[in-house]
Amino acid sequence: MHTSLFRYSALLFLGFGLAQCSGPSTAKADAKVDQSLSTNTDAVSNKPLKMSIYDQGFQINTLTGQPFDFASLKGKRLLLVNTASECGFTPQYKQLQELHETYGGKGFEIVGFPANNFGGQEPGSNAEIASFCEKNYGVTFAMTEKISVKGQDIHPIYKWLTDKDLNGVKDMGVQWNFQKYLIDEEGHLVDAYLSNKSPLSEDIIAFASGKRD
């Protein structure tokens, strides 16, 4: 009987010792795995993928029919705006030109995209649009050929600008003429403003001048 009792006590002690040795280290390993998974999840959720406008290989021409090289804009802050000649916001051409004269060539550029998607307010040909802009507002910032900024025939540039799945930042379809999109030096979408946002607003001037946080 004494022998059996001794063997039983020894087994209990051995089992207790194994539990003491394996328990904490296993718990620590599980904690490490949990922490690693948590970190990876946070990294994925807190750092959405941003895609550059320069990675897309967009092709477009100027109002005069010459290829417009988007790659030449790398390293600059951009304001992209859809324009129209017969809109209530058309006088913003004057403000855009003023912004261009003040900050253009200083790490900042404006690109206008004439479009006839809203109210038929850009009915002219490329030549007529160019003449209108020069004659009425002295526009010297870059202007592309007339395109579509919404619908089935939306230009790929505007598809990228308006679709979060493509730009990695936000969904914001064009609501009317003279909606504005800001692109940073690396080609990432920064923000977008509706038509009533003045090109000479504090936010846009801060961006154009490189002083926006």
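Which residue in strand 3 is the bridge partner of Gly112? The bridge partner is Met143, and the points below place this pair in the sheet and its surroundings.

1. Basis of the note. This is a predicted model, in which local features need pLDDT of at least 70, side-chain atom pairs count only at pLDDT 80 or more, and totals for chains, interfaces and linings use all residues. Residues are numbered from 1 along each chain as its sequence is written, and side-chain values use heavy atoms, with hydrogens and water left out.

2. Five strands form an open sheet in the order 3-2-1-4-5, with mixed pairing. Strands are DSSP runs of E of at least two residues, helices are runs of H or I of at least four, and both are numbered from the N terminus; two strands pair if DSSP finds at least two bridges between them. Strand 3 (142–143) and strand 5 (189–193) are the edge strands, each pairing on one side only.

3. Strand 2 and its partners. Strand 2 (residues 108–114) runs parallel to strand 3, and two bridges join them. Strand 1 is also parallel to strand 2, with seven bridges between them; here Leu80 has Val111 of strand 2 as its bridge partner.

4. Burial of strand 2. Seven of the seven residues of strand 2 are buried (under 20% relative accessible area, with exposed over 50% and partly exposed in between, for a 1.4 Å probe and protein chains only). In a regular strand, side chains alternate between the two faces of the sheet. On one side of strand 2 lie Phe108, Ile110, Gly112 and Pro114, and on the other Glu109, Val111 and Phe113.

5. The cores. A nonpolar core is a set of buried Ala, Val, Leu, Ile, Met, Phe, Trp, Tyr and Cys residues joined through side-chain atoms within 4.5 Å. The largest has 25 residues, of which Phe70, Leu80, Phe113, Tyr158 and Leu161 touch the most other members. Helix 4 gives the largest share of this core, four residues. A second, separate core of 19 residues includes Leu63, Leu96, Ile129 and Leu182.

6. Helix packing. Helix 2 (residues 92–103) packs against helix 3 (residues 126–137) at about 75°, with the axes 10 Å apart. Axes are lines fitted to C-alpha atoms, for helices over the stretch in contact, and angles run from 0 to 180 degrees between N-to-C directions. The two helices are therefore roughly perpendicular (65 to 115 degrees; under 35 is roughly parallel, over 145 roughly antiparallel and the rest oblique). Tyr93, Lys94 and Gln97 of helix 2 and Phe132, Cys133 and Tyr137 of helix 3 make the contact (heavy atoms within 4.5 Å).
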